[in-house]
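Visitor: I am new to this structure and would be grateful for a guided introduction. May we look at it together?

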Amino acid sequence: MSALELLIAQIAALDPVDEREASSREATLDRLTWSDDPFDESAHDHHVTASAFVVSSRGVILHLHRRLNIWVQPGGHVDAGEWPAAAALRETREETGLDVQHASPPTLLHVDVHAGPRGHTHYDLRYVLLARPDDPRPAPGESPEVYWFEFDEARDRAEPGMRNALTKVERAIAGWRMRD
């Protein structure tokens, strides 16, 4: 099975938390059938991105997006030759300064299709990453507003389209052992 076929199988296996995710899952599966590179933001204004719900014993990380001025999880574009799971790690490390890692095996937990900057549409693949409960230290040029939140507070603060996704994350990790 190719890496793309494996990714398609992972997306198809997701149990949507709501109608928004169900619609996003179908749209993302369709996007992955187009003839161009689905990750290349310069090839098409509809492209796949990667992000992460970073969790620890302190809760979940959100940051205030610099351009959109909304509270969201870290993430961004997939670089050339990079796979979405690796992009989620890289973007999270850049935006939070935290030493994060994938669960074993890496957990693609949610998908969401939403408007991005410059008229683009993002097909966001959302992974769960584990971190120690250290204070975030975002890199220069990244949003300095990065914090741990308990899940109830995160749902109150986050962009409204993320609320059910945060509930899905909280339920998924309920039995996980967090890094100290």
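Guide: Let us begin with a term: an angle over 145 degrees between two axes counts as roughly antiparallel. Please note that the model is predicted.

Visitor: How are helices H1 and H2 oriented to each other?

Guide: Helix H1 covers residues 3–12 and helix H2 residues 19–31, and their axes come within 10 Å. These axes cross at roughly 165°. Angles over 145 degrees fall in the class defined above, and therefore H1 and H2 are roughly antiparallel.

Visitor: Is the crossing of H1 and H2 left-handed or right-handed, and which residues make the contact?

Guide: H1 passes H2 in a left-handed crossing. From H2, the contact involves Arg-25, Thr-28 and Leu-29; from H1, it involves Ile-8, Ile-11 and Ala-12.

Visitor: How many residues of that contact are nonpolar, polar and charged?

Guide: The contact of H1 with H2 contains both nonpolar residues and others. By class, the residues are four nonpolar, one polar and one charged.

Visitor: Which element gives the most to the largest nonpolar core?

Guide: This core has 27 residues, and Leu-7, Ile-11, Val-54 and Leu-125 are those with the most contacts inside it. Elements giving two or more residues to the core include H1, strand E1 (46–56) and helix H3 (84–96). With five residues, the largest contribution comes from E6.

Methods. Residues are numbered from 1 along each chain as its sequence is written. This is a predicted model: local features need pLDDT of at least 70, side-chain atom pairs count only at pLDDT 80 or more; totals for chains, interfaces and linings use all residues. Side-chain values use heavy atoms; hydrogens and water are left out. Axes are lines fitted to C-alpha atoms, for helices over the stretch in contact, and angles run from 0 to 180 degrees between N-to-C directions. Helices (H or I, at least four residues) and strands (E, at least two) are DSSP runs, numbered from the N terminus. Angles under 35 degrees count as roughly parallel, over 145 as roughly antiparallel, 65 to 115 as roughly perpendicular and the rest as oblique. A crossing is left-handed if the near helix is turned anticlockwise from the far one by less than a right angle, and right-handed if clockwise. Contact means heavy atoms within 4.5 Å. Ala, Val, Leu, Ile, Met, Phe, Trp, Tyr, Cys and Pro count as nonpolar, Asp, Glu, Lys and Arg as charged, and the others, Gly among them, as polar. A nonpolar core is a set of buried Ala, Val, Leu, Ile, Met, Phe, Trp, Tyr and Cys residues joined through side-chain atoms within 4.5 Å. Buried means under 20% relative accessible area, exposed over 50%, partly exposed in between (1.4 Å probe, protein chains only).
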